[in-house]
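Please read the following explanation with the sequence and the structure side by side.

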Amino acid sequence: MDVTEREESRQKIESLNAELESRVLARTAELRATNEELSQTLKTLQLAKDQLVQSEKLAALGSLVAGVAHELNTPIGNGLTVASSLEHRVQTFSGLLDAGMRRSDLQSFVDETRLAAEIITRNLSRAGHLVSSFKQVAVDQTSSHRRSFTLASLIAENLLTLNAVTRKYACRIEVQVAAHILMESYPGPLGQVLTNLINNALLHGFQPEDSGRIVIRAETVGEGWVELTVGDTGKGIDPDNLHRIFEPFFTTRLGQGGSGLGLHIVHNIVGGVLGGRIKVDSV
Ligand SMILES: Nc1ncnc2c1ncn2[C@@H]1O[C@H](COP(=O)(O)OP(=O)(O)O)[C@@H](O)[C@H]1O
Ligand SMILES: [Mg+2]
(Lines give C-alpha, C1' and ligand atoms only; values in the text may rest on other atoms or scores of the structure.)
(Ligands and ions follow the chains in the order given, each with its own letter.)
Protein backbone atom coordinates (compact mmCIF):
# COMPACT_ATOMS: atom_id res chain seq x y z
CA MET A 1 0.00 0.00 0.00
CA ASP A 2 1.43 3.35 -0.90
CA VAL A 3 1.16 6.52 1.04
CA THR A 4 -1.74 7.96 -0.89
CA GLU A 5 -3.69 4.77 -0.55
CA ARG A 6 -3.08 4.69 3.19
CA GLU A 7 -4.06 8.32 3.52
CA GLU A 8 -7.26 7.62 1.59
CA SER A 9 -8.30 4.78 3.84
CA ARG A 10 -7.48 6.81 6.93
CA GLN A 11 -9.77 9.56 5.67
CA LYS A 12 -12.48 7.05 4.86
CA ILE A 13 -12.28 5.57 8.33
CA GLU A 14 -12.39 8.99 9.89
CA SER A 15 -15.44 10.02 7.95
CA LEU A 16 -17.12 6.72 8.76
CA ASN A 17 -16.32 7.31 12.40
CA ALA A 18 -17.74 10.80 12.30
CA GLU A 19 -20.89 9.56 10.61
CA LEU A 20 -21.26 6.78 13.15
CA GLU A 21 -20.84 9.19 15.99
CA SER A 22 -23.44 11.55 14.66
CA ARG A 23 -25.79 8.61 14.08
CA VAL A 24 -25.27 7.47 17.65
CA LEU A 25 -25.93 10.98 18.90
CA ALA A 26 -29.09 11.28 16.86
CA ARG A 27 -30.29 7.86 18.00
CA THR A 28 -29.54 8.71 21.62
CA ALA A 29 -31.57 11.89 21.33
CA GLU A 30 -34.39 9.93 19.73
CA LEU A 31 -34.29 7.32 22.48
CA ARG A 32 -34.28 9.99 25.14
CA ALA A 33 -37.37 11.58 23.61
CA THR A 34 -39.14 8.22 23.38
CA ASN A 35 -38.19 7.51 26.94
CA GLU A 36 -39.62 10.79 28.13
CA GLU A 37 -42.79 10.14 26.19
CA LEU A 38 -43.06 6.70 27.73
CA SER A 39 -42.63 7.91 31.25
CA GLN A 40 -45.20 10.63 30.58
CA THR A 41 -47.62 8.00 29.30
CA LEU A 42 -46.91 5.88 32.34
CA LYS A 43 -47.71 8.81 34.61
CA THR A 44 -50.95 9.45 32.72
CA LEU A 45 -51.90 5.79 33.02
CA GLN A 46 -51.14 5.73 36.73
CA LEU A 47 -53.30 8.81 37.17
CA ALA A 48 -56.11 7.25 35.16
CA LYS A 49 -55.89 4.10 37.27
CA ASP A 50 -56.00 6.11 40.51
CA GLN A 51 -59.06 7.91 39.21
CA LEU A 52 -60.73 4.64 38.30
CA VAL A 53 -59.97 3.20 41.72
CA GLN A 54 -61.48 6.34 43.21
CA SER A 55 -64.57 6.05 41.02
CA GLU A 56 -64.98 2.38 41.98
CA LYS A 57 -65.00 3.54 45.61
CA LEU A 58 -67.47 6.29 44.76
CA ALA A 59 -69.65 3.75 43.01
CA ALA A 60 -69.70 1.74 46.24
CA LEU A 61 -70.81 4.84 48.10
CA GLY A 62 -73.38 5.54 45.39
CA SER A 63 -74.93 2.11 45.79
CA LEU A 64 -74.89 2.65 49.54
CA VAL A 65 -77.03 5.76 49.08
CA ALA A 66 -79.33 3.96 46.65
CA GLY A 67 -79.61 1.15 49.20
CA VAL A 68 -80.57 3.56 51.97
CA ALA A 69 -83.26 5.17 49.87
CA HIS A 70 -84.65 1.81 48.81
CA GLU A 71 -84.71 0.27 52.27
CA LEU A 72 -86.18 3.33 53.98
CA ASN A 73 -88.99 3.52 51.48
CA THR A 74 -90.97 0.67 52.99
CA PRO A 75 -91.04 1.57 56.69
CA ILE A 76 -91.51 5.28 56.05
CA GLY A 77 -94.20 4.57 53.46
CA ASN A 78 -96.02 2.26 55.90
CA GLY A 79 -95.77 4.81 58.70
CA LEU A 80 -97.12 7.55 56.46
CA THR A 81 -100.08 5.51 55.26
CA VAL A 82 -101.13 4.59 58.78
CA ALA A 83 -100.56 8.12 60.09
CA SER A 84 -102.76 9.64 57.42
CA SER A 85 -105.55 7.14 57.93
CA LEU A 86 -105.31 7.90 61.64
CA GLU A 87 -105.67 11.58 60.87
CA HIS A 88 -108.80 10.83 58.89
CA ARG A 89 -110.14 8.65 61.71
CA VAL A 90 -109.62 11.44 64.25
CA GLN A 91 -111.62 13.78 62.04
CA THR A 92 -114.64 11.48 61.85
CA PHE A 93 -114.31 10.85 65.55
CA SER A 94 -114.42 14.55 66.36
CA GLY A 95 -117.56 14.74 64.20
CA LEU A 96 -119.11 12.12 66.51
CA LEU A 97 -118.18 14.27 69.51
CA ASP A 98 -120.70 16.87 68.38
CA ALA A 99 -123.30 14.45 67.07
CA GLY A 100 -123.17 12.27 70.16
CA MET A 101 -121.47 8.90 70.40
CA ARG A 102 -121.98 5.50 71.90
CA ARG A 103 -119.59 3.73 74.20
CA SER A 104 -118.78 1.27 71.41
CA ASP A 105 -117.72 4.18 69.16
CA LEU A 106 -115.26 5.26 71.80
CA GLN A 107 -114.03 1.71 72.31
CA SER A 108 -113.35 1.10 68.62
CA PHE A 109 -111.63 4.47 68.31
CA VAL A 110 -109.32 3.58 71.19
CA ASP A 111 -108.58 0.14 69.66
CA GLU A 112 -107.85 1.52 66.23
CA THR A 113 -105.70 4.33 67.57
CA ARG A 114 -103.67 1.91 69.67
CA LEU A 115 -103.07 -0.36 66.67
CA ALA A 116 -102.11 2.59 64.47
CA ALA A 117 -99.68 3.89 67.08
CA GLU A 118 -98.10 0.43 67.31
CA ILE A 119 -97.64 0.17 63.54
CA ILE A 120 -96.19 3.67 63.32
CA THR A 121 -93.78 3.04 66.18
CA ARG A 122 -92.63 -0.27 64.72
CA ASN A 123 -92.00 1.21 61.29
CA LEU A 124 -90.27 4.31 62.56
CA SER A 125 -87.98 2.32 64.80
CA ARG A 126 -87.17 0.04 61.84
CA ALA A 127 -86.31 3.20 59.87
CA GLY A 128 -84.21 4.48 62.77
CA HIS A 129 -82.35 1.16 62.97
CA LEU A 130 -81.67 1.25 59.23
CA VAL A 131 -80.42 4.82 59.37
CA SER A 132 -77.98 4.08 62.18
CA SER A 133 -76.62 1.00 60.38
CA PHE A 134 -76.17 2.96 57.19
CA LYS A 135 -74.62 5.82 59.07
CA GLN A 136 -72.05 3.49 60.59
CA VAL A 137 -71.16 2.01 57.21
CA ALA A 138 -71.00 5.43 55.55
CA VAL A 139 -68.76 6.83 58.26
CA ASP A 140 -66.56 3.74 58.06
CA GLN A 141 -66.37 3.89 54.28
CA THR A 142 -65.48 7.53 54.04
CA SER A 143 -62.81 7.46 56.71
CA SER A 144 -60.18 4.82 57.27
CA HIS A 145 -60.26 4.90 61.02
CA ARG A 146 -59.22 2.11 63.26
CA ARG A 147 -61.64 1.06 65.98
CA SER A 148 -62.74 -2.04 67.77
CA PHE A 149 -65.87 -3.77 66.56
CA THR A 150 -67.39 -7.22 66.46
CA LEU A 151 -66.89 -8.92 63.13
CA ALA A 152 -70.43 -10.33 63.09
CA SER A 153 -72.03 -6.89 63.42
CA LEU A 154 -69.76 -5.40 60.76
CA ILE A 155 -70.82 -8.17 58.39
CA ALA A 156 -74.51 -7.67 59.26
CA GLU A 157 -74.31 -3.91 58.65
CA ASN A 158 -72.62 -4.37 55.31
CA LEU A 159 -75.10 -7.03 54.22
CA LEU A 160 -77.92 -4.67 55.10
CA THR A 161 -76.50 -1.98 52.85
CA LEU A 162 -76.10 -4.54 50.07
CA ASN A 163 -79.74 -5.57 50.37
CA ALA A 164 -80.83 -3.52 47.37
CA VAL A 165 -78.48 -5.65 45.22
CA THR A 166 -78.70 -9.05 46.90
CA ARG A 167 -82.50 -9.10 46.93
CA LYS A 168 -82.44 -9.30 43.12
CA TYR A 169 -80.78 -12.71 43.34
CA ALA A 170 -82.33 -15.98 44.38
CA CYS A 171 -79.12 -17.25 45.96
CA ARG A 172 -78.92 -17.28 49.76
CA ILE A 173 -76.26 -15.59 51.85
CA GLU A 174 -75.18 -17.53 54.91
CA VAL A 175 -73.08 -16.06 57.69
CA GLN A 176 -71.17 -18.47 59.92
CA VAL A 177 -69.35 -16.09 62.20
CA ALA A 178 -69.16 -16.50 65.97
CA ALA A 179 -70.69 -13.51 67.76
CA HIS A 180 -67.68 -13.03 70.03
CA ILE A 181 -64.96 -12.34 67.43
CA LEU A 182 -63.71 -8.88 68.31
CA MET A 183 -61.57 -6.96 65.85
CA GLU A 184 -59.22 -4.04 66.35
CA SER A 185 -59.01 -3.00 62.73
CA TYR A 186 -60.27 -0.77 59.94
CA PRO A 187 -63.99 -1.38 59.47
CA GLY A 188 -64.35 0.77 56.32
CA PRO A 189 -61.73 -1.00 54.23
CA LEU A 190 -62.80 -4.39 55.61
CA GLY A 191 -66.39 -3.57 54.62
CA GLN A 192 -65.22 -2.67 51.13
CA VAL A 193 -63.42 -6.01 50.83
CA LEU A 194 -66.60 -7.86 51.82
CA THR A 195 -68.72 -5.76 49.47
CA ASN A 196 -66.44 -6.36 46.48
CA LEU A 197 -66.28 -10.11 47.12
CA ILE A 198 -70.04 -10.45 47.51
CA ASN A 199 -70.71 -8.29 44.45
CA ASN A 200 -68.30 -10.48 42.49
CA ALA A 201 -69.96 -13.68 43.63
CA LEU A 202 -73.32 -12.34 42.44
CA LEU A 203 -72.09 -10.76 39.21
CA HIS A 204 -69.78 -13.54 38.07
CA GLY A 205 -71.10 -16.61 39.83
CA PHE A 206 -74.85 -16.56 39.37
CA GLN A 207 -77.77 -15.60 37.18
CA PRO A 208 -80.43 -13.79 39.23
CA GLU A 209 -82.75 -16.84 39.16
CA ASP A 210 -80.04 -19.39 40.09
CA SER A 211 -80.35 -21.01 43.45
CA GLY A 212 -77.06 -21.31 45.30
CA ARG A 213 -75.21 -20.04 48.31
CA ILE A 214 -72.70 -17.42 49.29
CA VAL A 215 -71.07 -18.38 52.56
CA ILE A 216 -69.20 -15.92 54.78
CA ARG A 217 -67.20 -17.71 57.44
CA ALA A 218 -64.71 -16.51 60.03
CA GLU A 219 -62.54 -18.32 62.53
CA THR A 220 -59.84 -17.20 64.88
CA VAL A 221 -56.56 -18.89 63.99
CA GLY A 222 -53.76 -18.55 66.50
CA GLU A 223 -53.04 -15.48 68.56
CA GLY A 224 -54.47 -12.29 67.06
CA TRP A 225 -55.43 -13.67 63.64
CA VAL A 226 -58.78 -14.19 61.96
CA GLU A 227 -59.39 -16.21 58.83
CA LEU A 228 -62.27 -14.77 56.85
CA THR A 229 -63.62 -16.73 53.91
CA VAL A 230 -66.14 -15.62 51.32
CA GLY A 231 -67.16 -18.58 49.20
CA ASP A 232 -69.85 -19.19 46.63
CA THR A 233 -71.37 -22.19 44.89
CA GLY A 234 -71.50 -20.28 41.60
CA LYS A 235 -69.78 -21.07 38.35
CA GLY A 236 -66.22 -20.66 39.66
CA ILE A 237 -63.06 -19.25 38.11
CA ASP A 238 -61.32 -20.78 35.11
CA PRO A 239 -57.96 -22.30 36.26
CA ASP A 240 -56.21 -20.28 33.51
CA ASN A 241 -57.48 -17.05 35.06
CA LEU A 242 -56.87 -17.92 38.68
CA HIS A 243 -53.43 -16.29 38.87
CA ARG A 244 -54.58 -13.15 37.06
CA ILE A 245 -57.67 -12.10 38.99
CA PHE A 246 -55.82 -9.68 41.31
CA GLU A 247 -54.21 -7.84 38.38
CA PRO A 248 -55.57 -4.35 37.75
CA PHE A 249 -57.96 -4.30 34.78
CA PHE A 250 -58.26 -8.06 34.53
CA THR A 251 -61.93 -8.74 33.89
CA THR A 252 -63.95 -11.33 32.01
CA ARG A 253 -66.85 -8.91 31.78
CA LEU A 254 -65.42 -6.00 29.89
CA GLY A 255 -68.25 -3.66 28.96
CA GLN A 256 -70.74 -5.63 31.06
CA GLY A 257 -70.27 -4.01 34.42
CA GLY A 258 -66.66 -5.12 34.93
CA SER A 259 -63.76 -2.74 35.51
CA GLY A 260 -61.24 -5.35 36.59
CA LEU A 261 -60.36 -3.23 39.61
CA GLY A 262 -62.47 -4.85 42.31
CA LEU A 263 -60.05 -7.61 43.29
CA HIS A 264 -57.04 -5.36 42.75
CA ILE A 265 -58.52 -3.04 45.38
CA VAL A 266 -59.30 -6.00 47.63
CA HIS A 267 -55.73 -7.24 47.26
CA ASN A 268 -54.31 -3.81 48.11
CA ILE A 269 -56.56 -3.32 51.12
CA VAL A 270 -55.88 -6.76 52.59
CA GLY A 271 -52.11 -6.60 52.05
CA GLY A 272 -51.97 -2.91 52.94
CA VAL A 273 -54.09 -1.32 55.63
CA LEU A 274 -55.44 -4.60 57.04
CA GLY A 275 -52.00 -6.16 57.27
CA GLY A 276 -53.20 -9.56 56.11
CA ARG A 277 -52.86 -12.02 53.27
CA ILE A 278 -55.33 -13.13 50.63
CA LYS A 279 -55.62 -16.25 48.55
CA VAL A 280 -58.08 -17.71 46.11
CA ASP A 281 -59.26 -21.24 45.39
CA SER A 282 -61.63 -22.53 42.79
CA VAL A 283 -62.87 -26.09 42.55
N1 LIG B 1 -66.89 -15.13 42.78
C2 LIG B 1 -66.42 -15.21 41.52
N3 LIG B 1 -66.85 -16.19 40.68
C4 LIG B 1 -66.38 -16.29 39.42
N5 LIG B 1 -65.47 -15.44 38.90
C6 LIG B 1 -65.00 -14.44 39.66
C7 LIG B 1 -65.44 -14.27 41.02
N8 LIG B 1 -64.79 -13.20 41.55
C9 LIG B 1 -63.98 -12.73 40.58
N10 LIG B 1 -64.09 -13.46 39.45
C11 LIG B 1 -63.32 -13.27 38.20
O12 LIG B 1 -62.25 -12.36 38.48
C13 LIG B 1 -62.30 -11.25 37.58
C14 LIG B 1 -61.76 -10.01 38.25
O15 LIG B 1 -62.62 -9.56 39.29
P16 LIG B 1 -62.64 -8.01 39.64
O17 LIG B 1 -61.24 -7.56 39.85
O18 LIG B 1 -63.59 -7.78 40.75
O19 LIG B 1 -63.15 -7.33 38.30
P20 LIG B 1 -64.63 -7.20 37.71
O21 LIG B 1 -65.59 -7.68 38.75
O22 LIG B 1 -64.77 -5.73 37.44
O23 LIG B 1 -64.65 -8.04 36.47
C24 LIG B 1 -63.73 -11.18 37.13
O25 LIG B 1 -63.87 -10.57 35.88
C26 LIG B 1 -64.14 -12.66 37.10
O27 LIG B 1 -63.72 -13.28 35.89
MG1 LIG C 1 -65.63 -7.01 40.70
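The paragraphs below treat the chain as a whole and then the surroundings of its ligand.

This is a predicted model, in which local features need pLDDT of at least 70, side-chain atom pairs count only at pLDDT 80 or more, and totals for chains, interfaces and linings use all residues. Residues are numbered from 1 along each chain as its sequence is written, chains are lettered from A and ligands numbered from 1 in the order in which they are written, and side-chain values use heavy atoms, with hydrogens and water left out.

The chain contains 6 helices and 5 strands, where helices (H or I, at least four residues) and strands (E, at least two) are DSSP runs numbered from the N terminus. Along the sequence they follow the pattern α-α-β-α-α-β-β-α-β-β-α. The radius of gyration, taken over C-alpha atoms, is 33 Å, well over the 19 Å that the globule rule (2.2 Å times the number of residues to the power 0.38) gives for 283 residues, so the chain is more spread out than a compact globule. The C-alpha trace spans about 145 × 50 × 40 Å along its principal axes.

Which residues are closest to ligand 1? Of the 16 residues that surround ligand 1 (a heavy atom within 4 Å), the closest are H204, T251, T252, S259 and G260. The largest share of this shell, 3 residues, comes from α5. Polar contacts are pairs of N or O atoms within 3.5 Å. A nitrogen atom of ligand 1 lies 2.9 Å from an N or O atom in the side chain of D232, and an oxygen atom of ligand 1 lies 2.7 Å from a backbone N or O atom of S259.

How values were computed
A polar contact is a pair of N or O atoms within 3.5 Å; within protein, one must be able to donate a hydrogen and the other to accept it, and residues adjacent in sequence count only if both atoms are side-chain atoms.
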